[in-house]
Amino acid sequence: GALLSAGVPTMVFFANGLTKADPYAQAVALYGLAAFLELLAEPFYIRAQRRSKFKLRLVTETIATLSRSFVTFVLVTRPATGITVPLAFAFGQLAYGTCVWLMFAAAQWEFVGEGIDLMLGRSSISWGTLTLLGTFTLQAAWKLLLSEGEKGVLMWAGSADEQGVYALVSALGALFVRIVLQPFEEAAFLMFAGENTNKREKEKTANEDERRKFNSLMKIAVVLGSLSALHGPQYCHLALNLLYGDRWANAPGATATLGGFAVMILFLAVNGITEAYAHAVMNPRELASANMVLLITSVFNVVVSLVLQEYIGPLGLVVANCFAMSIRISYTLCYIRFIRFSWSSEAFLPAIMPRKRLLLMMCGTCAVTIVTSKIHTAIHVFSGALTLLITLMALLKLERSSLMTIRQSTKKEV
């Protein structure tokens, strides 16, 4: 990790002929330091996940993400500091890495001693563990290349302004994804993986309790994703204006791209739960097939991104992601319906959807926020807060059984 964190910035320096005084060079060095801190936190993170410390993960990610956003916001919106935009984002990432490392390490301080003993040679790692680590490292690198392909497309074919817009939108949209969706998906994976590890081998079909848990998770995921997809686009310009000022709020394609990202969160939420469940219960042969589908959809994503980027700019990358995730969702839903739940006589799609009254209510509030966005900012903000409150109250009333199922299952795992 230390070699990569130092080696990659060094390669960038020499490849571009940069000097230490260059702000871009300083930003790259800060990103390398931030990456090293996140790598130091990785063992603590894995240990926390293995012990189902979801609250620690939620608090850490929340504080770290908010710290990154706050630091970036302050440095970008205050030109008097003399810090360039690349440096502002780099300092924000450094704040994120520092918070993640400190909070995970402080909560599991006894684990630090084991790491010190390992570094001093007082303990050792078995060859089997090293082999497993190497396998996971290769898989992580492969997944990174596949998931970040569209950004490479933008760097190759997009202009500097389009790259800036997409980076800004991705950082802002990642707030909801990292704070809400990612811990939710990982909790779902551990929930189903924990059940299956207690069996001698993974069964080809699921039981009724497993089906009920999956349906409950899907309903909540659809509600969260729909809340973002229906109301997010109406508040994109306001959010950009408040956080980054008129310059970025009025940048060509910024509002549309952030609106597209808000819609994409629905696909992210559904895909996260379906893949978390499928990967937790699949056998090695089925996992190999799923990885092949991931490869195909990733190539498809890159090709579609290249085409759409020429016509609609950075929004094309978001649309291409939605297309690719639709394919992945269709594959995992077919696997779940025809292999895991093949014994069930219940209609599959209606069982994983929220109550119709809840969906109709969300569509109605969407119409209201569309109207208020044309009136006045204060009224628009008030209607958004009221919409969020009404949606949460309706969720508690209409999907109480789903929430109780998830709560009971989480308690069992903890």
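Residues are numbered from 1 along each chain as its sequence is written, and side-chain values use heavy atoms, with hydrogens and water left out. Because the model is predicted, local features need pLDDT of at least 70 and side-chain atom pairs count only at pLDDT 80 or more, while totals for chains, interfaces and linings use all residues.

A search of the whole structure identified 5 salt bridges, each defined as a side-chain nitrogen of Lys or Arg within 4 Å of a carboxyl oxygen of Asp or Glu. Helices are DSSP runs (H or I, at least four residues), numbered from the N terminus. One of the salt bridges joins the side chains of Glu208 and Arg211, at 2.3 Å from N to O. Glu208 and Arg211 are 3 residues apart in helix 9 and are therefore separated by about one helical turn. For burial, residues under 20% relative accessible area are termed buried, those over 50% exposed, and those in between partly exposed (1.4 Å probe, protein chains only). Glu208 is partly exposed, with 38% relative accessibility, whereas Arg211 is buried at 11%.

A further salt bridge connects Lys213 with Asp209 (3.2 Å, N to O). Lys213 is buried, at a relative accessible area of 6%, and Asp209 is partly exposed, at 27%.

The side chains of Arg340 and Glu210 form a salt bridge of 2.7 Å, N to O. This pair links distant parts of the chain, as Arg340 belongs to helix 14 (residues 315–340) and Glu210 to helix 9, 130 residues apart. Arg340 is buried, its relative accessible area being 0%; Glu210 is likewise buried, at 0% relative accessibility.

The whole structure contains 2 cavities of 30 Å³ or more. A cavity is a set of points, on a 1 Å grid over the protein atoms alone, where a 1.4 Å probe fits but cannot get out; lining residues have an atom within 4 Å of a point. Grid points are joined across faces, edges and corners, and the volume is the space filled by probe spheres set on the points. The largest cavity holds about 40 Å³. Its lining consists of Arg211, Asn215, Arg337, Phe341, Ser344, Glu346, Ala347, Phe348 and Ala351. Helix 9 (208–231) and helix 15 (348–351) are the elements that give two or more residues to this lining. By class, the lining comprises 4 nonpolar, 2 polar and 3 charged residues; Ala, Val, Leu, Ile, Met, Phe, Trp, Tyr, Cys and Pro count as nonpolar, Asp, Glu, Lys and Arg as charged, and the others, Gly among them, as polar.

Pro354 is placed in the loop between helix 15 and helix 16 (356–372) and is buried at 6% relative accessibility. The C-alpha atoms of Pro354 and Ile220 are 7.5 Å apart in space, although the two residues are 134 residues apart in sequence.

On the surface, Val299, Val303, Val307, Tyr311 and Ile312 form a nonpolar patch with about 500 Å² of accessible area together. Such patches are made of residues with over 30% relative accessible area and no salt bridge, nonpolar side chains (Val, Leu, Ile, Met, Phe, Trp, Tyr) being joined within 5 Å. Accessible areas come from the Shrake-Rupley method with a 1.4 Å probe. Val299 lies in helix 13 (residues 284–312) and is partly exposed, at 47% relative accessibility.

Terms used
1 Å grid on protein atoms, 1.4 Å probe; cavity = no way out; pocket = protein on both sides within 12 Å on 5 of 7 lines; lining within 4 Å. Patch = residues over 30% accessible without salt bridge, like charges linked within 9 Å, V, L, I, M, F, W, Y side chains within 5 Å.
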